Structures are given as C-alpha cells and as structure tokens.
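Please read the following notes alongside the sequence and the coordinates. They are set out as numbered points, each on one topic.

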Amino acid sequence: CFFCGCLNQVFTRLLSTSLVGSEDPAYGTARDSLAMKHNNVIPNVHFHKDWQNRVKTWFKQPQKKQSRRRVRAEKAAAIFPRPVAGLLRPIVRGQTIRYNSKQRLGRGFTLEELKEAGVTPQKAQTIGIAVDHRRKNRSEETLRANVQRLNEYTSRLVVFPRNKRSPKAGDATKEQMASAVQQTGQAVMPIKASGSKAHSRAITEADKKSAFQTLRLAWSSARLDGLKKKKIKEKEEK
C-alpha cells in the first residue's frame, strides 16, 4: 500500500545516511529525514472498490420511451372519453409573499365557487370536477375567475349517457358523441400565460417623486400623529 511504501522509503533513507554519514550534504542528516513536514493527513487510500462492477448503463432508454408511449395510449383508450389529465382543477395563487405572484393549479374548487356556478358537489365529482371543501375564498378576483372557469368547462362538456337506450336530460346526442374528441394534454384547461407587457411611455412628474421619501414621510406622520394631537389639545385647554 501507499503507507507501506512511504515507510520503506524512510527506512531506506535512514539506512543510506547511516552508511554514508550523517553529515553528508548529499543525503542530509538522519534528524532531517525524520522531521514531519506540515500537519498532513495520514495516507489511507483504498483501491479495492471494484467500481467497474457497479457501473450503471442506460442502453434501454429508447426502448423504454416506446413502452411509456404505448402505456399512455392504452390508458387513454381505457378511460375514453374522459380527459387523460384527470379532473378539472381551479386556478389559485402560491403561498407566502415569495410565490403569491404566480398562478398554479389547486387541489379542488370550493363549495362557494360550485354554488355560484350552479353545480352541486355531488354532481361535480361525476362530471370530472375536483372538489376541496377545506379551501376558502379570500378574494373576489379568484372567486370570479374560478366561477368563469367552471362555466366554460360545463359549456364545453359532453356527457355520455350511461344507458344509451334511455338517455337522461343533459346527456349528449348521437351526433355529439360521434364528434367528441378526447383531451390528451397535461392538464384540463391549462393556465394561459398573460400576454400583458409593459410598454414605453413618457415620464410624468409623479414618476419623478422618490418612493423612499413618500414612504418615509407617511411613516413619520403616523408615528408622530399622537404627539401632534396631544399638543393641539394642550393649546386648546390653555
């Protein structure tokens, strides 16, 4: 091993110095050869890992790609005409101030949103709408957006009758069933990216004001509001 080799070199060096002479400048003294140089780590290297037996290869990657595609096609055919992505999800905001500027798909629609859209929770679960009885509506904007999302979904929905011989009210006709297309996207009604962008405009006088000074003045006014009122009251009493 490496450590044994280092010891052999040290003993060889000591032997040579004892034979040639401890004061020979070509070999140095025995004291110099035994001196430790720096606070180094003792070598402890292992070369018996057999790493070549643990190498993992991915030669079957093209074949797995085809098998995954075949499984997706079989799943889509098995659940036809339902969407491959599953249930309809609401649009919600991310948690905390760090992520609340981004929109994402939530767990399910609230009971209030379903009530505004005229859909009962029991019926929603039969027509592919996710329900979450725990979530609460904290803003009117989100409520209206999800109600509009439900209305759009129900207007485009094609409900196949369970019994083709005796269809119920609201079930699809034969023509609608023949022209129905299964949705194969990653999400039912995915979130559309907002196309609003900031455009160049002329700088006004209001834009030239310092936001720091405005906030500082408002903070100072709120902080000294009680003291100012106290002084005014004392002057009136005098």
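Which helix gives the most to the lining of the largest pocket? The reply comes in point 3, after some remarks on the model and its overall make-up.

1. Basis of the model. This is a predicted model, in which local features need pLDDT of at least 70 and side-chain atom pairs count only at pLDDT 80 or more, while totals for chains, interfaces and linings use all residues. Residues are numbered from 1 along each chain as its sequence is written, and side-chain values use heavy atoms, with hydrogens and water left out.

2. Overall make-up. The protein has eleven helices and two strands, where helices (H or I, at least four residues) and strands (E, at least two) are DSSP runs numbered from the N terminus. Along the sequence these elements follow the pattern α-α-α-β-α-β-α-α-α-α-α-α-α. Of the 238 residues, 16% count as buried; buried means under 20% relative accessible area, exposed over 50%, and partly exposed in between, with a 1.4 Å probe and protein chains only. The accessible surface comes to about 21200 Å², and 54% of it belongs to carbon and sulfur atoms, the areas coming from the Shrake-Rupley method with a 1.4 Å probe and, for residues, with only the protein chains shown as cover. Among contacts (heavy atoms within 4.5 Å) with a separation of 6 or more, 51% are accounted for by residues 24 or more positions apart.

3. The largest pocket. A pocket is defined on a 1 Å grid over the protein atoms alone, as an open set of points where a 1.4 Å probe fits, with protein on both sides within 12 Å along at least five of seven lines, and its lining residues have an atom within 4 Å of a point. About 1200 Å³ of space lies in the largest pocket, the volume being the space filled by probe spheres set on the points, which are joined across faces, edges and corners. Of the 36 residues that line this pocket, Ile127, Leu157, Val158, Val159 and Phe160 are the closest to its centre. Helix 7 (residues 140–156) gives the most to the lining, with four residues. By class, the lining has 18 nonpolar, eleven polar and seven charged residues, where Ala, Val, Leu, Ile, Met, Phe, Trp, Tyr, Cys and Pro count as nonpolar, Asp, Glu, Lys and Arg as charged, and the others, Gly among them, as polar.

4. The second largest pocket. About 460 Å³ of space lies in the second largest pocket, and of the 17 residues that line it, the closest to its centre are Ile91, Gln103, Ala145, Arg149 and Ile191. Strand 1 and helix 7 are the elements that give two or more residues to this lining, and helix 7 supplies the largest share, eight residues. The lining divides into six nonpolar, five polar and six charged residues.

5. Valine 92. This residue lies in strand 1 and is buried, with a relative accessible area of 9%. Leaving aside neighbours within four places in sequence, valine 92 is in contact with Lys102, Gln103, Arg104, Leu105, Gly106 and Arg135.

6. Backbone geometry to check. Most residues other than glycine have a negative phi, and most peptide bonds are trans. Phenylalanine 80 and proline 81 are joined by a cis peptide bond with omega about 5°, and proline 81 is found in the loop between helix 3 (61–78) and strand 1 (91–93). Threonine 96, in helix 4 (residues 96–99), has a positive phi of about 65° and is exposed at 53% relative accessible area. Methionine 189 has a positive phi of about 55° and lies in the loop between helix 8 (174–179) and helix 9 (205–208), where methionine 189 counts as buried at 11% relative accessibility.
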